[in-house]
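Trainee: Please take me through this structure, one point at a time.

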Amino acid sequence: MNTMESLIGLVNRIQRACTVLGDYGGGTGNNAFNSLWEALPTVAVVGGQSSGKSSVLESIVGRDFLPRGSGIVTRRPLVLQLHKTDDGTEEYAEFLHLPKRQFTDFAMVRKEIEDETDRITGKSKQISPVPIHLSIFSPNVVNLTLVDLPGLTKVAVEGQPETIVEDIETMVRTYVDKPNCIILAISPANQDIATSDAIKLAKDVDPTGERTFGVLTKLDLMDKGTNALAVLEGRSYKLQHPWVGIVNRSQADINRNVDMMLARRKEREYFDTSPDYGHLASKMGSEYLAKLLSKHLESVIRTRIPSILSLINKSIEELERELDRMGRPIAVDAGAQLYTILEMCRAFDKIFKEHLDGGRPGGDRIYGVFDNQLPAALKKLPFDRHLSLQSVKRIVSEADGYQPHLIAPEQGYRRLIEGSLGYFRGPAEASVDAVHFVLKELVRKSISETQELKRFPSLQVELAAAANSSLEKFREESKKSVIRLVDMESAYLTADFFRKLPQEMERPVSNQKNQTASPSPATLDQYGDGHFRRIASNVSAYVNMVSDTLRNTIPKACVYCQVRQAKLALLNYFYSQISKREGKQLGQLLDEDPALMDRRLECAKRLELYKKARDEIDAVAWVR
C-alpha cells in the first residue's frame with residue numbers, strides 16, 4: 001500500500017472508530033471528538049432524484065448493493081466507508097447497528113439498508129436525518145468516506161409532507177456546509193446543466209468551486225447527434241476541478257444482474273471508442289473518478305494534518321483527564337483491593353475534615369448551632385411561667401409542708417431552682433441533635449465530593465452506613481455529657497450566690513427597755529407578695545447565671561464528644577471490620593456501576609485509537 005493509501009486509510013479508520021464509539025452520527029460523544037470527525041474530509045454525494053447517484057456509488061464500489069426504484073429511494077443519509085484490503089481477500093460489508101455481523105452477499109446488504117430505513121421512517125415516503133453507517137472492505141475499492149444523501153426534489157408527492165422539499169435541502173446542507181466536505185455534484189447529461197439541482201446547491205455553499213467535483217451521468221442516453229462536451233470541457237459551467245463523465249449500467253443490465261466489473265469494462269470501452277469523448281477517455285469513468293477523489297483527499301488531508309493532530313492531541317488530553325476522574329481499573333487480588341478501599345476512605349476522610357476545618361463550606365453550620373440556635377432556645381424557656389407569683393407561692397408552700405419557714409425558704413428555693421434547671425435539658429439535647437444532623441449532612445456531601453468513590457456505589461452505601469453509625473454513638477455520648485452538665489448544676493447549688501444576697505428580715509430595734517418593739521416593714525411583708533417576688537427574682541438571677549454557664553459548656557461538650565471524635569475516629573470501626581473481609585467480599589464493595597465501566601472502556605478504546613492515529617500520522621504524513 002502506498003503512502004497516499006496509508007494516509008487516507010488512516011483517516012478512514014479514525015472516522016470509522018469515531019462512529020463506532022459514538023462520537024458522530026447520533027452519538028453522545030465529547031465535542032472535541034465531534035470536532036475531530038468534522039476536521040476529517042468526507043465526500044457528500046448530491047443530486048436530484050433519479051440523477052444516477054446510486055449508480056455512481058455502485059460503480060465506485062464495484063458492487064450492486066443500493067436500493068433502487070422510482071421517486072425517493074434514499075430516505076436516510078448513508079455514510080459509506082470504503083476500506084481497501086489486500087488483493088485476494090474476500091469482500092464483505094458491516095453495518096454499525098449490526099457490529100458483529102459480516103455481509104458477503106451484497107443483495108442482503110441492500111435488503112438491510114431498506115429494512116433499517118423502514119425501521120426509522122416506516123414503510124412510507126418520509127425521510128430521516130439519522131444516518132445509516134455502512135463499511136465495505138474490498139481489494140477493488142480506494143479508501144474513501146462517501147455520504148449518499150436523499151435526492152433533491154422540487155415538489156412533494158402523495159404520502160410526503162408539504163415541507164419535504166425544504167426538509168431534504170436542509171438535511172443535505174448540514175453536510176455540504178462543512179468546510180471539509182467535498183461535494184460530488186451529480187447531474188444527468190440528458191438534462192440542461194442550468195437546471196441541475198446539485199450544481200445550484202453546490203454553487204450556493206461553495207461559490208468558488210474549490211470543494212465541488214462535477215459528475216455527468218447518462219451520457220449514453222443523450223439524444224442522437226448531441227453530446228456533453230461543452231460541460232465536460234468546462235465551457236458551459238466551469239469548476240476548479242475537472243468534470244468527470246460516467247456511463248452507468250442500463251436498466252436491461254440491472255435486470256440481468258450484469259456484474260459490476262463487467263460494467264466497468266463496458267464503461268471503459270464506451271469512452272475509448274466514442275467519437276465524441278475518445279480524446280477525454282483517460283479522464284472519464286467511475287474508476288478515474290474514484291482515483292481523482294482519492295488523490296484530492298490525500299492533498300486535503302496533508303493540508304489539514306496540523307489541525308487534525310491538534311484535535312487528536314486535545315482529545316487525548318481530555319480522555320486522560322476523564323480516565324483519571326473515573327479511576328483506573330481495579331486489581332483482582334485482595335491485598336490491592338483492600339489498599340484501594342483504604343485509600344478511598346482516606347480521601348473521603350480528608351474532604352470531611354476540610355468541611356469541618358473551613359477548607360470547604362459546611363462546618364460553619366455547627367458554629368451556627370452554638371451561636372444562634374442554642375441562645376434562641378435558652379431564651380424561649382418558660383421561666384416566666386415557672387417563676388410566676390402563683391407558681392412560687394405554690395412551690396414554696398409545698399416545700400414548707402405543715403410548718404412554714406421561719407426566715408428564708410431554703411427547700412422552696414431548691415425546688416424552684418431544680419425545676420427551672422430541668423428545662424435546660426431540652427436545649428442541651430436539641431444542640432446535640434443539631435450538630436449530629438450537620439455532621440450527617442457533611443458525611444453525605446463528602447462522599448459525593450470524593451471522586452474516587454463515584455465508581456463504587458456499594459462502597460459508598462457501606463461507608464455512609466459506617467460513618468453514620470459512628471456519629472450515632474458520638475451523639476449518644478454527647479447527650480449523656482450535656483445532660484450530666486445540667487444535672488451537675490442541679491446536684492450542687494452555688495451557695496456563695498445566695499450568701500451575697502441581702503437578708504430578707506431585719507432584726508427589730510427597741511427604743512426603751514421593757515418597751516415592746518414595733519414591727520418593721522420586713523416583718524409585715526414576711527408572707528406577702530413582695531416576699532415571694534423577691535424569691536422569684538433571686539431564683540431567676542441564679543438560673544440566668546447557670547444559663548450563661550451552660551451556654552458556654554454545652555458547645556464544649558458537643559465539640560468534644562461529636563466533632564472531635566468525628567475527626568479522630570469516624571471510620572475506626574469500619575477499618576477494623578474491613579480488614580477481616582475476604583477477597584470476594586472486598587470485590588463486592590468494589591463492584592462498579594456498569595454504566596461507568598462501559599464509559600471507561602469506551603474512553604480507553606478512544607485513547608488507544610487516538611494515540612495510534614497520532615503515531616501513524618507522524619509516520620506517514622510527510623513521506624512523499
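Mentor: Helices (H or I, at least four residues) and strands (E, at least two) are DSSP runs, numbered from the N terminus. The model is predicted, so local features need pLDDT of at least 70 and side-chain atom pairs pLDDT 80 or more, while totals for chains, interfaces and linings use all residues. Residues are numbered from 1 along each chain as its sequence is written, and side-chain values use heavy atoms, without hydrogens and water.

Trainee: Where is the place of K218?

Mentor: K218 has a positive phi of about 60° and is not a glycine. Most residues other than glycine have a negative phi. The place of K218 is the loop between β8 (212-217) and α7 (229-232).

Trainee: Is K218 buried, exposed or partly exposed?

Mentor: Buried means under 20% relative accessible area, exposed over 50%, and partly exposed in between (1.4 Å probe, protein chains only). K218 has a relative accessible area of 21%, so it is partly exposed.

Trainee: Is α11 roughly parallel or roughly antiparallel to α20?

Mentor: Axes are lines fitted to C-alpha atoms, for helices over the stretch in contact, and angles run from 0 to 180 degrees between N-to-C directions. Under 35 degrees counts as roughly parallel, over 145 as roughly antiparallel, 65 to 115 as roughly perpendicular and the rest as oblique. Helix α11 (residues 334-357) and helix α20 (residues 529-569) pack at about 150°, with axes 10 Å apart. Therefore α11 is, relative to α20, roughly antiparallel.

Trainee: Which residues in α20 do F352, K353, L356 and D357 meet?

Mentor: Contact means heavy atoms within 4.5 Å. The four residues F352, K353, L356 and D357 belong to α11. In α20 they meet V563, A566 and K567.
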